[in-house]
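Subject: Structure handover

Hi,

Here is the structure I promised to pass on. Please open it alongside this note.

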Amino acid sequence: MASFFSIRLISLNLLLLICFIPSICYGATFDPFTDKTKITYHDGPILTGIVNLHIIWYGKPEEIQREVIMDFLETLNTEGDKKVQPHISRWWNVVESYQLAMKGKPTIGVESPKIKVKVEKEDTIDYAYGKVLTTQYDIPRLIKDVNHGDPNLLPLIITAKDVSMHGLCAGKCADHGIFENNKGFIVIGDPEIECPGACGWPFHEVDAGPKGPIFKPPNKNMAADAMVVALASALVNTITNPQNTGFYGGIEFDPIESATACKGIFGPGAAPGNPGKVFTDRKNGENFSAHGNNGRKFLLPAIWNPATSTCWTITSRYFST
């Protein structure tokens, strides 16, 4: 599903064929515990200012998923109650710091310009393109028909649990790309039926590999909370590398992006099968790493911090490794 990310850059047929194979391009096989990389800037644009999302709910999403995802997006750009910390905005501040990193390594403590994520438009499409979707064919058609090529909107396609999204579940749980005229998109799926053991982790036992702690979802729904993790990662990668010319590690045709470089890490002490140290709600045992608005709590993935050139988690200052 990664073919449209780099297609405008590929000149060799062999590399083009490789990138048409799902899960080979864009860090699908990268393991931060065994593989090493360094995220660097490649002189291209990143998304700044206001990022207007066009959410396309494909299929019949459950109401809890709508509520949790919308609350997550709305919380990104609010500071929250100073007495209830850490707040999601602290995590988003690190994403915003990439603007300073374009000019050199940002200084810790220096405030970056704000990047505001705004849900500008929503549509619900009821299986008009079937229940098996591909990024090579179906996603471009869907975006053209629903989004009409609006250059001011970033399409975010969120599929229901009975929809199979080609390329997801096989090494990655969300994706972003470009398909024409550098038009970007993000796509995430519901892992409840398709791959709870791959994309429901750490709220569901992992299918393969070392077994570790299973977290209790902070919003009482495994799929909804796992989708927030996937969306958070995809947003980071999209903001920092929208056209495959921004921030990434590795090689041009298989870039390791800012969230991918830290996948599987949620807190200090993370290891294969162990997401790391996060908070536990004293009342109901739910696990989370940051507070949102209206009493919401979320688990947020680690991201590459350009100020320290390391993977950073929002709980790192609260726990020792």
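Below is what turned up, starting with confidence and ending with the backbone.

**Confidence**

This is a predicted model. The protein chain averages a pLDDT of 87. A score of at least 70 is reached by 88% of the residues.

**The largest pocket**

Its volume is about 1000 Å³. The lining runs to 39 residues. Closest to the centre of the pocket are G171, A198, W201, K263 and G264.

Which elements each supply at least two residues of this lining? They are β7 (174-178), α8 (196-199) and α9 (222-240). Helix α9 gives the largest share, with six residues. Sorted by class, the lining of the largest pocket holds 22 nonpolar, eleven polar and six charged residues.

**The cavity**

Rolling a probe the size of a water molecule over the atoms shows where empty space is left. The count comes to one cavity of 30 Å³ or more. The space in the largest cavity is about 90 Å³. Its lining has 13 residues, and those closest to the centre are L168, C169, G189, D190 and E194. Two or more lining residues come from each of β6 (164-165) and α7 (191-194). By class, the cavity lining has eight nonpolar, three polar and two charged residues.

**Helix packing: α3 and α9**

Helix α9 comes up again here, this time as a packing partner. Two packed helices are described by the angle between their axes and the distance between the axes. For α3 (residues 63-75) and α9, the angle is about 35° and the axes are 9 Å apart. The crossing of α3 past α9 is right-handed.

Which residues make the contact?

- From α3: I64, Q65, V68, I69, F72 and L73.
- From α9: A223, A224, D225, M227, V228, L231, A232 and L235.

By class, that contact has twelve nonpolar residues, one polar and one charged.

**Backbone points**

- Q85 and P86 are joined by a cis peptide bond, with omega about 0°. P86 sits in the loop between α3 and α4 (88-96).
- W201 and P202 are also joined by a cis peptide bond, and here omega is about 10°. P202 lies in the loop between α8 and α9. W201 is also among the residues closest to the centre of the largest pocket.
- H148 has a positive phi, near 60°, and is a residue other than glycine. H148 is in the loop between α6 (138-147) and β5 (154-159).

**Where to start**

Best wishes

Conventions. Residues are numbered from 1 along each chain as its sequence is written. This is a predicted model: local features need pLDDT of at least 70, side-chain atom pairs count only at pLDDT 80 or more; totals for chains, interfaces and linings use all residues. Side-chain values use heavy atoms; hydrogens and water are left out. On a 1 Å grid over the protein atoms alone, a cavity is a set of points where a 1.4 Å probe fits but cannot get out, and a pocket is an open set with protein on both sides within 12 Å along at least five of seven lines; lining residues have an atom within 4 Å of a point. Grid points are joined across faces, edges and corners, and a volume is the space filled by probe spheres set on the points. Helices (H or I, at least four residues) and strands (E, at least two) are DSSP runs, numbered from the N terminus. Ala, Val, Leu, Ile, Met, Phe, Trp, Tyr, Cys and Pro count as nonpolar, Asp, Glu, Lys and Arg as charged, and the others, Gly among them, as polar. Axes are lines fitted to C-alpha atoms, for helices over the stretch in contact, and angles run from 0 to 180 degrees between N-to-C directions. A crossing is left-handed if the near helix is turned anticlockwise from the far one by less than a right angle, and right-handed if clockwise. Contact means heavy atoms within 4.5 Å. pLDDT is the predictor's confidence in each residue, from 0 to 100.
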